[in-house]
Amino acid sequence: MLKKAITIILALAMMSGTSVFASNETEESNNATQIEQNSEVTAFESDISRAVSLGIINNENYNFNDDITREQFCNFVYNLVNPIKELPIFKYERAPFDDTNGNDKITVLYSAKIVSGKGDYIFSPNDKLTREEAATILCRAANYLDIELPLAKVDMSYADNSEISSWAVSSVYSLKTLNILNNTDENFNPKANITISQAVSALVRLS
């Protein structure tokens, strides 16, 4: 009887110990996740603060999780570039785009060959910006600002390299080298949209 009681006690102790270890492992995992999330929030807050100080964005209430439009991104790019190196203002006999509602920032960036349209006299300002479009515009802005970009090596390190448009490949890999518009997984996701927060962070890193 005593032997049986001891056996039961030992079994309960082992179960209790296992439960404690499992609990500790879960707690450590949760703590690690929380630290990582806090780190991301801190980095994001730092980028936003820097963007405001640089005049890239103002104190407007943005929903930073929203996908950014082509027009919004152009406004941010203009705000970053023009104070550093004044952008040219050209007079056109005919406006380069019919659908920008007179947004001079887009016209000026077009004059500097930083942005381009999507067709004859079409800019599509309300379209969501894709990651490969963002990469191309960022590299053109860097070139305009005389920022030296590393030689782009298409090392096929992105698993979806074949999905990147030919006109964006060199820009994508230049920014990858600088860790400006990198991705956390093995894909670049070139056709995916870019959020306002991601766009702001990329511009801050370029500055």
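**Exercise 1. Describe the polar contact that Thr195 makes through its side chain, and the setting of this residue in the predicted model.**

Step 1. Start with the partner: the side chain of Thr195 meets that of Ser197 in a polar contact of 3.0 Å.

Step 2. Thr195 belongs to the loop that runs between α5 (169–178) and α6 (196–206).

Step 3. Decide whether Thr195 is buried or exposed. The cut-off for buried is under 20% relative accessible area. Thr195 has 15% relative accessibility, so it counts as buried.

Step 4. List the neighbours. Leaving aside residues up to four places away in sequence, Thr195 touches Phe64, Asn65, Asp66, Asp67 and Ile68.

**Exercise 2. Work out how the chain is built from its secondary structure, and how much of the chain is buried.**

Step 1. Count the elements: there are 6 helices and 0 strands.

Step 2. Write them in sequence order, which gives the pattern α-α-α-α-α-α.

Step 3. Turn to burial. The chain has 207 residues, and 37% of them count as buried.

Step 4. The accessible surface of the chain is about 12,600 Å², and carbon and sulfur atoms account for 51% of that.

Step 5. Consider contacts between residues at least 6 apart in sequence. Of these, 71% join residues at least 24 apart.

**Exercise 3. Find the aromatic pairs and describe two of them.**

Step 1. State the total, which is 6 aromatic pairs.

Step 2. Take Tyr62 and Phe64. Their rings form a tilted pair, 5.7 Å centre to centre with 55° between the planes. Both Tyr62 and Phe64 are buried.

Step 3. Take Tyr158 and Tyr173. This pair is also tilted, at 5.5 Å centre to centre and 50° between the planes. The pair links distant parts of the chain, 15 residues apart: Tyr158 sits in the loop between α4 and α5, and Tyr173 in helix α5.

Step 4. Check burial with the same cut-off, under 20%. Tyr158 counts as buried because its relative accessibility is 3%. Tyr173 counts as buried because its value is 2%.

Step 5. Look for a cluster. Ring pairs join Tyr62, Phe64 and Phe76 into one.

**Exercise 4. Locate two charged residues that lie over rings, then describe helix α5.**

Step 1. Arg70 lies over the face of Phe123, 4.2 Å from the ring centre.

Step 2. Lys176 lies over the face of Tyr158, 5.5 Å from the ring centre.

Step 3. List the buried residues of α5: Val169, Ser171, Val172, Tyr173, Ser174 and Leu175. Their cover includes α4.

Methods:
Residues numbered from 1 in each chain as written. Predicted model: local features only at pLDDT ≥ 70, side-chain atom pairs only at ≥ 80, totals over all residues. Heavy atoms only, no water. Helix = DSSP H or I, 4+ residues; strand = E, 2+ residues; numbered from the N terminus. Buried < 20%, exposed > 50% of the residue type's maximum accessible area, 1.4 Å probe, protein only. Polar contact = N/O pair within 3.5 Å; in protein donor to acceptor, adjacent residues only side chain to side chain. Contact = heavy atoms within 4.5 Å. Phe/Tyr/Trp six-rings, centres within 6.5 Å; stacked < 30°, edge-to-face > 60°. Lys NZ or Arg CZ within 6 Å of the ring centre and 35° of its normal. Areas by Shrake-Rupley, 256 points an atom, 1.4 Å probe, with all protein chains shown as cover.
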